[in-house]
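Subject: Structure handover

Hi,

Here is the structure I promised to pass on to you. My notes on what turned up in it follow below.

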Amino acid sequence: MKRFIIIWSCIMVLLGVASPDVFAQSFRELVMPGEVSASHAKLEKQCDNCHKSFDKTAQRGLCLDCHKDIATDIRNRDRLHGKLGETTCRNCHTEHKGRTAKIISLDRSAFDHDKTSFPIKGAHKKVAAKCDSCHKAGRKFREAPRECAACHTKDDVHKGKLGKQCEQCHSQDKWKDATFDHNKTRFKLEAGHANVECKSCHTDRTYKDTPRECVACHKKNDDKDGHKGHFGEKCASCHTTTAWNKTIFDHGKDTRFALRGKHAMAKCSSCHTSPLYSVKLPFTCVSCHRKEDNDRGHKGSLGDKCESCHNERSWKGAAFDHDKETKFPLTGKHRNARCESCHRSGVTATAGKVREILSTNCFGCHQPDDQKKGHKGKFGEKCETCHITKDWKESTFNHDRDTKYPLRGKHTSATCVSCHTGTLYKDKTPTECIACHRKDDDDKGHKGTLGKQCDACHTVNGWRIETFDHNKSRFPLTGSHSKVECKKCHQTTAFKDAPTQCYGCHKNDDVHKRRLGTDCESCHNTRTWKSWDFDHAKTSFRLDAAHAKLECYACHKTPMEKKKGRVAATPTCYSCHAKDDTHKGIYGNRCERCHSAGSWAAVIQK
């Protein structure tokens, strides 16, 4: 029958009735050895899913394309399939034996579990034949858990508080036998702790929450020593694991307060009267020695820095070097002064820090001397600027060296208050002359009209004018001006108001009566008033021919405007020759089109 179907299929392909793919599929169905298993049933009609024509070696790769978890194990060399080496799937698995056939050929009695990722060791070998104890029915073998806790939850007396890594303490030989390296934890067992039983610290076997502080186990020792929690819970600060009675605390190294002298013999409780870590112990001497301070008679008036005078060897021995131990060394007459002459109020303590209320400036003690000298506080409180500790009357202030205003001339003999009329450091003393010499300026008659630069004319040798360079002003004196007396131009002491134009002084000398304007310098110069020179060719109206012979007043008949070179009349022919126009304006006012400057009667021929 099969032979008939093959022959018939070939005829149908030759006649074009059936396609080659249909033929190939029909052919495969004919040669298939049997039905595939139920798990592969959906792939049965497409043989290409598992087979490649004429290539048996490709079958392994096609299997792994579907079984990706197996492919991952092989790549990672993990689990059973990853440790089998290069082998084909068909060596262990079969197919085409019907829907109910088992395609896994596994001999459980001969199976080597060591080839998997979970080798069977210790007590596990006793249950090796009972696969179902770990591999549950209906689940893949690979899905069996590998963690101890998955099977031994009921054996976990720690109730899960130590995690699921049972193998850290337990072995596969016997569950109750536990080995644990305590030195790999955050609490190494050293000295006396090494021989202690576990239950003495781990009372409820929840090892993870066991406290690591000494006081958790040694509170009874703390009470026995008499601390009773007064020194806090940091037992390791003083005690060691070797012996509880041995103390290693070094007050000099472990604190900022080294014990010296009689402090080294004092009991801890004599200073540490409050809980050690809850109340910060002050470092000041007076915190312990208040009674001694009162017995000495200071009663807090000298502050809290007892160590400035006293030492740890003895409270009675006192030595104080004012030069080394303060910011105010005693020099001159200060060295012989009595302490109470300055320390009238003493010092006081605020918030544990010493704050000196005694003033270290001179004014604090020498205010009466300031009044006696007549300064009365106007020169500020920096007495040391002028005075020294050797003698109050001696002054060392050098105005040239210590200020930006050196004293010269009559300024050297002037009294300080003549310039420093206000408060010295509060009111800035001006350096302009006018600030002190306003009255002299008024008396001279300037009254501020010449500005504030008095030194332009006056010197420090005297108020009278010695020299003045007029050439540095806006009006240099040249020619005859250099010989003229000042009062000729400066008719008042308001020198600034003196005119700078020629016409301002030479108005009476103007014989032109302003017909040639007021810019005298256009023709005249400072050498002499009588000499003059003017080139009309440089103006906008050149004089040639008959115009050159004319007198100036022939054209300049009326006063000129103030603007330089501007004639009142329009500079055209008609403005002067209107009376000579016989045409009566018929030909316009452009006379130069027919007439020339040489002769009015002559007519230009074109």
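His458 sits in the loop between helix H17 (434–444) and helix H18 (486–489); helices here are DSSP runs of H or I with at least four residues, strands are E runs of at least two, and both are numbered from the N terminus. With a relative accessibility of 9%, His458 counts as buried (buried is under 20% relative accessible area, exposed over 50%, partly exposed in between, using a 1.4 Å probe and protein chains only). Apart from neighbours within four places in sequence, His458 is in contact with Lys444, His446, Trp463, Arg464 and Ile465, where contact means heavy atoms within 4.5 Å.

Before you go further: this is a predicted model, so local features need pLDDT of at least 70 and side-chain atom pairs count only at pLDDT 80 or more, while totals for chains, interfaces and linings use all residues. Residues are numbered from 1 along each chain as its sequence is written, and side-chain values use heavy atoms, with hydrogens and water left out.

On confidence, the protein averages a pLDDT of 78, and 89% of the residues score at least 70; pLDDT is the predictor's confidence in each residue, from 0 to 100.

Now a helix pair. The axes of H3 (residues 59–66) and H4 (residues 68–76) come within 5 Å and cross at roughly 115°; axes are lines fitted to C-alpha atoms, for helices over the stretch in contact, and angles run from 0 to 180 degrees between N-to-C directions. H3 and H4 are therefore roughly perpendicular to each other (65 to 115 degrees; under 35 is roughly parallel, over 145 roughly antiparallel, the rest oblique). Arg60, Leu64, Asp65 and Cys66 in H3 meet Lys68, Ile70, Ala71 and Ile74 in H4.

What about disulfides, and how many are there? The count is zero, taking a disulfide as a pair of cysteine sulfur atoms within 2.5 Å. For Cys169, the closest cysteine sulfur is in Cys166, 8.8 Å away and too far for a bond. Cys169 is partly exposed, at 21% relative accessible area. For Cys523, the closest cysteine sulfur is in Cys552, 7.6 Å away and again too far for a bond; Cys523 counts as buried, at 16%.

Best wishes
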